[in-house]
Amino acid sequence: MDHSGEIVLVGCGNMGFALLEGWVDRAGIPAAGIHVVEPGEPLRQRAVARGATVYDDAAGLPAALRPHAVIIAVKPQIVGSMLGAYHRFTDAAVFVSIAAGVPISTFETTLGEAAIVRAMPNMPASIGKGVIAAFANAHTDDGQLAYVTDLLGAVGSVHWLTEERLVDAATAISGSGPAYLFHFIECLADAGVAVGLSAETALALAKQTVGGAAALASTSAFSPAELRQQVTSPNGTTAAALEVLMTEPGLADLVKRAAEAAHRRALELAIPT
Ligand SMILES: NC(=O)C1=CN([C@@H]2O[C@H](COP(=O)(O)OP(=O)(O)OC[C@H]3O[C@@H](n4cnc5c(N)ncnc54)[C@H](OP(=O)(O)O)[C@@H]3O)[C@@H](O)[C@H]2O)C=CC1
Ligand SMILES: O=C(O)[C@@H]1CCC=N1
């Protein structure tokens, strides 16, 4: 990847900082070229600790700055009101929004015929293991598409989508998905305590089980269903557990309803408050 381009990162909260960490710590993108706009003093300080240049407001950005990319990582509800301050970058930069639900049309209302990408990363980007779904508007040229693919690809695998509405679907699966898995780890650890393990041992076993199973599922030639069958001895312990998890409506229904709720919320976030 060409590391010479400068980046403006707007919002350095949970996900903005995860991207910053991934770019600087894992992908070797020079922190000095990353300009972070973030009102929160402690959050600016942790960005400074990674080597980024920080500002409490867009007005502080240097007049001569011509970034290759402006990353919008603020809450969906405030996107519309803060975009105007970045209009001056539209002639040189591609705008990459990670805001859940906010449609490209909201950006075009303020930015006009700018290059805009709607991307949905997830938290494991902070350790270079993210997955990012993305959709670009028609004003994004091939060079900008390649640049954004490299930039997002530096922190995870990038999947370009053919329709913007699919970004909301991806949000419900991979954007929010890490939280589902973190909750599953909590549940598995609690279950471990219930059958007699110490809290510390139960959490260690639960974390490594989910991490190991995810790594195996990612790298194995077998499908998740085949791997599940390999763990399940006839009339054994796993079969006893899966009878609980897979008897309808079961876990499948619960996960489907959870993802549908996330998807509905993404659609609601498209409507300006
Ligand atoms: N968390 C996640 O795993 C993921 C989040 N996203 C999306 O990323 C975006 C950010 O989410 P998340 O990081 O969790 O939220 P956070 O609230 O942690 O981060 C947003 C940050 O932006 C700051 N901010 C507010 N106004 C401005 C402004 N005008 N200019 C610059 N920064 C500003 C906020 O400060 P303050 O709090 O003081 O207002 C806050 O520190 C959201 O749109 C979300 O949908 C996408 C994928 C995954
Ligand atoms: O919860 C949210 O709305 C954001 C989007 C995906 C993950 N976090």
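Helices (H or I, at least four residues) and strands (E, at least two) are DSSP runs, numbered from the N terminus. This is a predicted model, where local features need pLDDT of at least 70 and side-chain atom pairs count only at pLDDT 80 or more, while totals for chains, interfaces and linings use all residues. Residues are numbered from 1 along each chain as its sequence is written, chains are lettered from A and ligands numbered from 1 in the order in which they are written, and side-chain values use heavy atoms, with hydrogens and water left out.

Q: How many helices and strands does the chain have?
A: There are 11 helices and eight strands.

Q: Which helix gives the largest share of the lining of the largest pocket?
A: That's H7, with 11 residues. A pocket here is an open set of points on a 1 Å grid over the protein atoms alone, where a 1.4 Å probe fits and protein lies on both sides within 12 Å along at least five of seven lines; lining residues have an atom within 4 Å of a point. The whole lining counts 47 residues, and Leu181, Phe184, Val210, Ala213 and Ala214 lie nearest the centre. The pocket holds about 2,500 Å³ of space, a volume being the space filled by probe spheres set on the points, which are joined across faces, edges and corners.

Q: Why is Val74 called buried?
A: Buried means under 20% relative accessible area, exposed means over 50%, and partly exposed is in between (1.4 Å probe, protein chains only). Val74 has 16%, so it counts as buried. You'll find Val74 in the loop between strand E4 (69–72) and helix H3 (79–82).

Q: Why is Asn235 called exposed?
A: Its relative accessible area is 80%, so Asn235 lands in the exposed class. Asn235 sits in the loop between H9 and H10.

Q: What makes Gly28 partly exposed?
A: Gly28 has a relative accessible area of 43%, so it falls in the in-between class. Gly28 is in the loop between helix H1 (14–26) and strand E2 (34–37).

Q: What makes the phi of Asn235 worth a look?
A: Phi is near 60° there, a positive value in a residue other than glycine. Most residues other than glycine have a negative phi, and most peptide bonds are trans.

Q: Which peptide bond is cis, with omega near 5°?
A: The one from Glu248 to Pro249. Pro249 belongs to the loop between H10 and H11.

Q: Which residues are around ligand 2?
A: Ala100, Gly175 and Ser176. To be near a molecule, a residue needs a heavy atom within 4 Å of it. The space taken by ligand 2 is the second largest pocket; a molecule sits in a pocket if more than half of its atoms lie within 2 Å of the pocket's grid points.

Q: Where does UniProt place the "binding site" feature?
A: An unreviewed UniProt entry puts it at Ala73, Val74, Lys75 and Pro76. The lining of the second largest pocket takes in Ala73, Val74, Lys75 and Pro76. UniProt positions are given in the numbering used here, with feature names shortened, and annotations may be inferred rather than shown by experiment.

Q: What is the helix and strand content of residues 164–269?
A: The span is 83% helix and 0% strand. The unreviewed UniProt entry lists residues 164–269 as "domain: Pyrroline-5-carboxylate reductase dimerisation".
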